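Please open the structure in your viewer and keep the selection tool at hand.

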Amino acid sequence: MLIKKSADIKYSEITPKNVYLNRRDFIATAGVAGIGLAAAKLVPEMLSPELTAFGGNKLQFNKSDLSTMDEEITPFKDVTSYNNFYEFGTKKDEPAAKAKDFQTSPWTVSIGGNVKHPQKLDIASLMKLSPLEERIYRMRCVEGWSMVIPWIGIPLNAVIKAVEPKPKANFVAFETLLDPRQMPGQRVRGLSWPYTEGLRLDEAMNPLTILAVGLHGERLPNQDGAPIRLVVPWKYGFKGIKSIVKISFVEKQPPTAWNTFAPKEYGFYSNVNPNVDHPRWAQSSERRIGEFRRRKTLMFNGYAEQVAQMYSGMDLQKNY
Ligand code: MTE
């Protein structure tokens, strides 16, 4: 999943294998993190994004029984240094470096379209719609690697219930912030900005679908999509749109960033399906970050029991 900055950059120039080893040195920031921890107990909403980025902002949450319990969790430093966030560059280590000063507070998410109660909510109000839960989920990237991430968030269906969709709301469309001043990737050609994603309403309502505000016990680091992002564990990671500012309930299937960019390579559904190869590489196996061996990729990323019924009767070779 590489962007062509111009017509002559080839898709085959996929991420160098060693890039993920090039990690930010979080230890150097330990002093700042310590200050953040003390302050977080008092006024978490008032902490600056800088402190949040350094992991000084703990969240209170319940552990969810929808978590995947039998697999080793990917370390914080891998989850926060090996990222895809093209607004901050196309290399895996660029988001951690370039999103450091990204302003994520104040932040408002507009929720509207075919709903009875359109609203503009800040992150604190969104977090009040449902108790925060930790959901440990596998994440399978379309590029062939995977992680196991302890997300913290609220079920998307809590937001949907609050706004009450009207009968015409068949799909939910999501948009990332558009701010080329802060996001250098939006100043170059590639994806059409802002980054967009979409789900069918029943996928959005599925209990597994969450809006994440944290990971590994802390507020989301900027490179992981602060302050709020989507996590849909049975789909390829690119469905997990970051830094969301708009959620719209629409009648027709909305355009999505990767599907618009390369429709033959990235479908709207994007369910993890080991039986449907990407046109340029197989999808039957994956490499867990931190491991060398490849493991078999599971249908719906291992969540078939909870989600397969939503696609019964659909040809998943065509609806990839
Ligand atoms: N959201 C935005 N706004 N921009 C992006 O480039 N990349 C997607 C997704 N969400 C992306 C995005 C892709 S390709 C992946 S694999 C996941 O974010 C990666 O999430 P992570 O970096 O937190 O692991």
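**The ligand and its surroundings**

Begin with Arg 229, where a polar side-chain atom lies 2.7 Å from an oxygen atom of the ligand. The protein covers 100% of the 530 Å² of accessible area that the ligand has on its own. Please bear in mind throughout that this is a predicted model.

Next, select Asn 83: an N or O atom in its side chain is 2.8 Å from a ligand oxygen atom. Then select Asp 224, which places a polar side-chain atom 3.0 Å from an oxygen atom of the ligand.

Now widen the selection to the shell of 17 residues that surround the ligand; the closest are Tyr 86, Glu 87, Arg 229, Gly 240 and Lys 242. Coloured by class, this shell shows eight nonpolar, five polar and four charged residues. If cavities are displayed, the largest cavity is the space taken by the ligand.

**Arg 200 in strand β7**

Move to strand β7, residues 196-200, and select Arg 200 within it. Is Arg 200 buried or exposed? With a relative accessible area of 14%, Arg 200 falls under the 20% cut-off and therefore counts as buried. Two partners of its side chain can be displayed. The side chain of Asp 202 makes a polar contact with that of Arg 200 at 2.8 Å, and the backbone oxygen of Met 310 lies 2.8 Å from a polar atom of the Arg 200 side chain.

**Helix α6**

Select residues 156-163, which form helix α6. Six of the eight residues are buried, so the helix is largely enclosed by the rest of the structure. The buried residues are Leu 156, Asn 157, Ala 158, Val 159, Ile 160 and Val 163. Just after α6, select Glu 164, which takes a positive phi of about 50 degrees.

**Backbone geometry in the loops**

Select the loop between α4 (94-98) and β2 (108-113), where Pro 106 is located. A cis peptide bond, with omega about 0 degrees, joins Ser 105 to Pro 106. Continue to the loop between β9 (218-219) and β10 (229-231), which holds Pro 227. Here a cis peptide bond joins Ala 226 and Pro 227, with omega about 0 degrees.

In the loop between β8 (210-215) and β9, select His 216. Phi of His 216 is positive, near 50 degrees, and the residue counts as partly exposed at 24% relative accessibility.

Phi of Ser 243 is positive, near 45 degrees, and Ser 243 is buried, with a relative accessible area of 0%.

Terms used
Residues are numbered from 1 along each chain as its sequence is written. This is a predicted model: local features need pLDDT of at least 70, side-chain atom pairs count only at pLDDT 80 or more; totals for chains, interfaces and linings use all residues. Side-chain values use heavy atoms; hydrogens and water are left out. A residue is near a molecule or strand if one of its heavy atoms lies within 4 Å of it. A polar contact is a pair of N or O atoms within 3.5 Å; within protein, one must be able to donate a hydrogen and the other to accept it, and residues adjacent in sequence count only if both atoms are side-chain atoms. Accessible areas come from the Shrake-Rupley method with a 1.4 Å probe; for residues, only the protein chains shown count as cover. On a 1 Å grid over the protein atoms alone, a cavity is a set of points where a 1.4 Å probe fits but cannot get out, and a pocket is an open set with protein on both sides within 12 Å along at least five of seven lines; lining residues have an atom within 4 Å of a point. A molecule sits in a cavity or pocket if more than half of its atoms lie within 2 Å of its grid points. Ala, Val, Leu, Ile, Met, Phe, Trp, Tyr, Cys and Pro count as nonpolar, Asp, Glu, Lys and Arg as charged, and the others, Gly among them, as polar. Helices (H or I, at least four residues) and strands (E, at least two) are DSSP runs, numbered from the N terminus. Buried means under 20% relative accessible area, exposed over 50%, partly exposed in between (1.4 Å probe, protein chains only).
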